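Work through the exercises below with the sequence and the model side by side, and try each task before reading its solution.

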Amino acid sequence: MHKSSPQKNTSTDKASQQRSQHYLQQALGRHRAGQQQQAADAYQQAIKSDQRNADAWNLLGVLRYQQRDLLHAEELFRQALQLRAAFADADFNLASLLRETQRLPEALTHYSAAVTARPDFFQAHDSCGLVLQELGRYQEAIAAHRRAFALVPNNPLVANNLAVALKAA
């Protein structure tokens with residue numbers, strides 16, 4: 001058995017990562033342009049080039065979510081989180097999918113993880129509040145909405161969500 005030198009592995013890894021990033025940029029451009037199949041192909045090439053590219057797994061999950069392939073999207077978000085534990089975007093995306101499918105306690109767990117990973121993520125704070133309201137935990141919902149409002153006091157949606165929580169309490 002032939003073992004490659006660590007230096008060669010590092011350069012091979014770096015080349016794979018660069019190829020993966022190249023495909024990821026192509027995918028993003030195609031995704032934004034509405035070219036879903038071409039975007040999916042490029043995301044898959046990014047993953048094939050570097051299986052550890054958590055961004056590619058997450059963004060392919062976003063595409064599948066938009067295509068309403070929820071089962072596949074969930075698997076992709078979970079894979080992204082396995083690769084990068086503190087990944088606010090993947091936690092938020094998975095939480096949104098879980099909320100949509102009425103798995104509220106698990107959605108709350110992932111919204112909370114998104115907030116922990118990125119404390120200034122006002123959408124995650126606000127979404128925590130919405131899930132807490134759905135769970136009937138109004139005081140906690142108000143606190144979450146207040147944290148979101150403190151981050152973006154001029155956002156009318158956040159202000160409305162806080163007002164609704166205050167009224168419901």
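Predicted model: local features only at pLDDT ≥ 70, side-chain atom pairs only at ≥ 80, totals over all residues.

**Exercise 1: from a pair to a network**

Find the salt-bridge partner of Glu74, state whether Glu74 is buried or exposed, and name the residues that are linked with Glu74 in a network.

Solution. The partner is Arg103, and the closest N and O atoms of the two residues are 2.8 Å apart. This pair links distant parts of the chain, since Glu74 sits in helix α4 and Arg103 in the loop between α5 and α6 (104-117), 29 residues apart. As to accessibility, Glu74 has a relative accessible area of 11% and is therefore buried, being under the 20% cut-off, whereas Arg103 is partly exposed at 30%. Finally, Glu74, Arg78, Arg103 and Glu106 are linked in a network of salt bridges, which brings in the pair of Glu106 and Arg78 from the previous exercise.

**Exercise 2: a loop and a helix**

State how many salt bridges the structure holds, and describe the one formed by Arg68 and Glu100.

Solution. The structure holds nine salt bridges; one of them joins the side chains of Arg68 and Glu100, with an N to O distance of 1.9 Å in the model. Arg68 lies in the loop between α3 and α4 (70-83) and Glu100 in helix α5 (residues 88-100), so parts that are 32 residues apart in sequence are tied together by this pair. Arg68 is partly exposed, at 46% relative accessible area, and Glu100 is partly exposed as well, at 37%.

**Exercise 3: surroundings of one residue**

Locate Asn58, decide whether Asn58 is buried or exposed, and list its contacts beyond four places in sequence.

Solution. Asn58 is part of helix α3, which spans residues 54-66. With a relative accessible area of 4%, Asn58 counts as buried, because buried means under 20%. Once the neighbours within four places in sequence are set aside, the contacts of Asn58 are Phe77, Ala80, Phe87, Asp89, Ala90 and Asn93.

Note on methods
Residues numbered from 1 in each chain as written. Heavy atoms only, no water. Helix = DSSP H or I, 4+ residues; strand = E, 2+ residues; numbered from the N terminus. Buried < 20%, exposed > 50% of the residue type's maximum accessible area, 1.4 Å probe, protein only. Contact = heavy atoms within 4.5 Å. Salt bridge = Lys/Arg side-chain N within 4 Å of Asp/Glu carboxyl O.
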